[in-house]
Amino acid sequence: NTMYRRMTEQHSATEMLRVDGIRGIEFSGNLAVIRTRPGYASSVAYDIDTHNFNEILGTIAGDDTIFVLMRDEKMAVALVENIKKLIG
């Protein structure tokens with residue numbers, strides 16, 4: 001169970017998202033904070049970065065938190081929609 005310990009196996013972000021990897025998203029201006037399960041943030045951020053979403057300038061990931069810098073405040077809805085596309 002990866003919920004309470006650091007993951008040792010490599011999983012794709014899409015696989016992680018299927019088991020409720022993202023806990024929530026909050027916005028402040030053109031910054032989004034994505035909360036994930038422990039150990040998931042880096043893989044989810046990598047998946048976001050490799051999809052080259054136009055509204056996202058970049059991400060910084062910790063263990064269970066991702067900061068997403070958006071081009072402007074109006075991109076929040078587009079970010080949520082693109083994350084839904086990643087989940088599938």
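In the predicted model, four strands form an open sheet in the order β1-β2-β4-β3 with antiparallel pairing, strands being DSSP runs of E of at least two residues and helices runs of H or I of at least four, numbered from the N terminus; two strands pair if DSSP finds at least two bridges between them. On average, neighbouring strands are turned by 20 degrees against each other, direction ignored. Strands β2 (residues 31-36) and β4 (residues 65-70) pair in the antiparallel sense over five bridges, and A32 stands opposite V68 in β4.

Helix α2 packs on this sheet and touches β1, β2, β3 and β4, contact meaning heavy atoms within 4.5 Å. The direction of α2 makes about 165 degrees with that of β3, where axes are lines fitted to C-alpha atoms, for helices over the stretch in contact, and angles run from 0 to 180 degrees between N-to-C directions. The buried residues of α2 (under 20% relative accessible area, with exposed over 50% and partly exposed in between; 1.4 Å probe, protein chains only) are A41, S43, V44, A45, D47 and I48.

Within strand β3, I60 is exposed, with a relative accessible area of 59%. Not counting residues up to four places away in sequence, I60 touches T65, I66 and F67.

Residues are numbered from 1 along each chain as its sequence is written. Local features require pLDDT of at least 70 and side-chain atom pairs pLDDT 80 or more, whereas totals for chains, interfaces and linings use all residues, and side-chain values use heavy atoms, leaving out hydrogens and water.
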